[in-house]
Amino acid sequence: MKREVTRMNSKKSYSSNSVLSVPLIVENLKRFWLGSVLAFIGYFIICCVPVLMDDWAEATGSALSTIRIPAIIWGSGIAIVAALLIYRYLQQQSSAAIVHAMPLSRKQLFHSNFLSGMILCLVPALLTGAILMIIRAARGPLEYVDFDMVKGFVKTDLFSYREILLFIAAILTVMIIVYAVAMLAAVLTGTSLTQAGMNVVLLGVFSAVVLILIGLGSLFLFGFTPPENLSSLALYLSPVTGLLADSSWKIIVIYLAVSAVLYLAAYCLYQRRKLERATDTLTFDFSKPIIKYLLTFCGMAGLGMLFYLLSTTEHQMPMLYLGCALGALITYVAVDMLIQKRFRIKGFVKGFGLFAIAAVVLFAGFHADILGYEKHVPEVGELAGVEKGIINYNYDGSWSDDSFIRDETTIREAVALHRDIVADREALKTVTETGYNSSVQLNYELKNGKQMRRVYEVPQEWLMENEHFRSMVESRAYKESLYPVMAWNDDKVAIDRIVLSPQGYSEGDFGKASAILSEDKEIKALTEAVRADLEQAKVEDLTDFGGTAPTLVNLEYQVKKPMKISKEMDQLYYERFGVHYNEDFEYYYISVTRGFTKTLELLKEMGLYESLVIVPEDVDRMEVGLYERTLDEEGNEVDYDEPPAPLKTMTLTDPEQFREVLDKAEGSCWANRYYEVQIYPVYGSASAEEGGILYLYFDEENVPDFIRNGMK
Amino acid sequence: MIEIRNLTKTFDGFKALDDLNMHVRRGSIYGLVGVNGSGKTTLIKHLTGVYRPDKGEILVDGQPVYDNVGVHERMSYIADDLYFFSMYNLKGFSEYYRKLYPNWNQERYEEMVKQFGLNETQKLTKFSKGMQKQAAFILAMSAMPEVLVLDEPLDGLDPLIRRVVIRDIVEDVAERGMTVLVSSHNLKDMEGLCDCIGIISKGTMLLERDLDDLKSDVHKIQTVLPEGTKAPVDGLNVLFSEKRGSVDMFIIRGDGEEIENRFRALQPAVFDLLPMTLEEIFIYETGGDKDEFKEILF
């Protein structure tokens, strides 16, 4: 039979100019459709099944966001697996040769494979979205009522079409960007195994590097607090964590734009990829040092941090360096072996030497603070405010829209305190967690809109002796930031009642009971006394540091909420929270110490003092113990396996001695040698085990003579 | 039809192809012979557009091959190391090829499947190596290529199938003017199939000859000349000479008639112009004593 070129049953070719190859796309879909089905089943289980369950409707505030996390993780996994399957032909010599010898240009192969992968990944997600829409249409809205201080009640449909759209858009986005990353990984690597590993590297290594830098900053730089944008950067450098944290339209658009950039990068590399590099670990020489050093850096820091965390305080830094050295060496050798595909790696001395030098420079840079981070203190003129709650005490940031103190005196004192801390940093750096330190948080708002944050761990004793700290805490602006009662406009703020709680751990142990003031006159009188005392209060009265006076009475201000809502909304509020909003209060607390003389005097006048504050008549006996803390080489208190035994003990029974103890003892004590007084009530059945007794303390300086002498 | 000029390729500092030149005429069957590692497969992967050359050019019908769909549509390639999509059978693969190759001939495909007796619905990965080669051959030939590139195609085929494959190739060359490049590490495989041979060694083309020309151009002479007479070989291209007692043996390239006339003019006692095998020709053409040639010849 004469053979001629016939075109029977054949079609004209897809020309080399076309971007896509329809036969290739169709073939890919035919080959991998089962994966798509599995992806859909997964989505259905993750997204649709919970929605169809009855109790899902009871969900509060989270609805779709609860299924977003597994859905995004599932989507990411699907995209990675799809890329592994579709680009597997690149990772074997035989398949790479056959596929590229076919009448398909590299352009067509790249674009068609991308599109095939996208169809395989996105269709199940789109189908899931469609099903969610149908469920939404069938079941109607899922309303959630939230309360906003400004807007009042806000009704939200947690299962609106818009929410579903956003939910599906987030899943599609994560799949698009992860697929783009996975495609880049496929082009950069020469085996399926390294392709899988490269996905993890590209998706996680940049976040890891930022987190490591933050970790190193925390370890080496005194006062280091990562700027918020740096922590966010670590989060958003990986699209998976980024979209888990925030699936807003803005983030979606940004990630889609990044996907386009990754796509172009992968396309350019695909065009340049040498097929003979199939089965190599990495297919581009330029990527070898980048990947090798990035992973070595992570390995170094990872093992260093692990050693640091697992070692005791005094050995932490040497162990950190040992861990870093071992981590760097192991990771470098392992990665280089993998890249070179041989046990006896070439160029080890030069390659590792370069890294070691860079690592030494980095650590030395942190040590020497070459960027001047530790020394930097802002000028007062640069600042617009300093955040409330400088010492992490009695502030929950809830009672004001503005969380910054903008008073110039307070700002000046805060900066001066900051300067003192920096000046004394070498001594303060050695301070470790002993329980007698306080965290000083200096969060500045700069006039240029930026923020500057520092957090220092400073001994309470040091703080109490610092004039700027004292001056700052005793300033009116600072007090007002802590005690809004000082700045309330009495015409606008409706105090419903003040609940006075007695001294001691529990009501009744000392025969004490709470009191409630609800008469306007009484409330006004007590508030004025409190204000006057707060005005005059010293640091000792305003902090609960060691060496400060014990709290005698706790005041709880119950203030009617400034905004009333309709009965209908109030009922909705009740159904959700179990209380009526219109009958609910806002609560503010003040600890009355013995420095609140006017308040205590007023309580006496009101006849409430004795029912709230422990007096000698309430005391059965006082057991006094002399203790000495056991310190380690660095002067820090050691961890005790059992409570330390007293050096000496004595029992007090004289009411006059009771009075002196109650009037002079401290609420806590930071001295190494101290006296602990266990006060046993006349009433009740308190015992040390049950915690019903009251503990007060003395140091050597202020201990009454009858105790000091009694111990001799 | 195929023109390769100054092709150079280096892998991690190793020169796999070094300034290589090759010419394949349209409608010819070109045998590319070389020992393992000589660069045959690398050359073929350049010719099929898989590899991008570091230097030089590869043209098919005057068009560059690399990333040129137009050329690839007219070219079929059977690799030494075969690859099929997993889970695919011959039928499924043929459907894919049918969409890719514009000259696909379904009738021929069906005819060849019957001819080789392959089960179209069995997974290709379950086929034996020989059956996979047959499947690849069916697909390649059904695409009705103008250029067929075969890398060690006869490996793993039994003699009967081998004959059928060779027959089909020769028929297509004769009937359609198909150009074939076939590689082998053994010259014997090429005899009776190729009309042109190229020998590749260490990435360079040692020689490239048309077999007819080669056979008519190289002559083996055994002669006994009168005592004291010097052999009349001045000015001739003597590839090899040897004297055993009174008998002189020469391998000479040149015009046979002229050579014979020269010798006969001396009235030798004995003069024999002996036939040469392809192996012998190549031994003498290439210096013959190199180990690598022994490998491809024997």
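Trainee: Which way do strands β12 and β13 of chain B run, and how many bridges join them?
Mentor: Strand β12 (residues 237-244) and strand β13 (residues 247-253) of chain B run antiparallel and are joined by seven bridges. Two strands pair if DSSP finds at least two bridges between them. Helices (H or I, at least four residues) and strands (E, at least two) are DSSP runs, numbered from the N terminus.

Trainee: Before going on, what should I know about the model and its numbering?
Mentor: It is a predicted model, where local features need pLDDT of at least 70 and side-chain atom pairs count only at pLDDT 80 or more, while totals for chains, interfaces and linings use all residues. Residues are numbered from 1 along each chain as its sequence is written, and chains are lettered from A and ligands numbered from 1 in the order in which they are written.

Trainee: Back to that pair: what stands opposite B:R244?
Mentor: B:V247 in β13(B) does. The two strands form a hairpin with two residues between them, and B:G245 in the turn has a positive phi of about 65 degrees.

Trainee: How is chain B divided into domains?
Mentor: Domain 1 covers 2-202 and domain 2 covers 217-297, with bounds from an automatic or database domain assignment. Their C-alpha centres lie 37 Å apart.

Trainee: What does β1 of chain B pair with?
Mentor: Strand β1 (residues 2-11) is joined to strand β2 (residues 14-24) by seven bridges, and the two run antiparallel. Their hairpin also has two residues between the strands, and B:D12 takes a positive phi near 45 degrees there.

Trainee: Now helices. At what angle do α3 and α5 of chain B cross?
Mentor: The axes of α3 (residues 90-100) and α5 (residues 129-142) cross at roughly 25 degrees and come within 10 Å. Axes are lines fitted to C-alpha atoms, for helices over the stretch in contact, and angles run from 0 to 180 degrees between N-to-C directions.

Trainee: Which residues of the two helices meet?
Mentor: B:L90, B:F93, B:S94 and B:Y97 in α3(B) meet B:A135, B:L139 and B:S142 in α5(B), where contact requires C-beta atoms, placed from the backbone, to lie within 7 Å.

Trainee: Switching to chain A, which strand is opposite A:V619, and at which residue?
Mentor: A:V619 stands opposite A:P681 in β13(A). Nine bridges join strand β11 (residues 619-628) to strand β13 (residues 673-681) of chain A, and these run antiparallel.

Trainee: What lies across β11, β12, β13 and β14 of chain A?
Mentor: Helix α23 (residues 655-664) does, running at about 55 degrees to β11(A).
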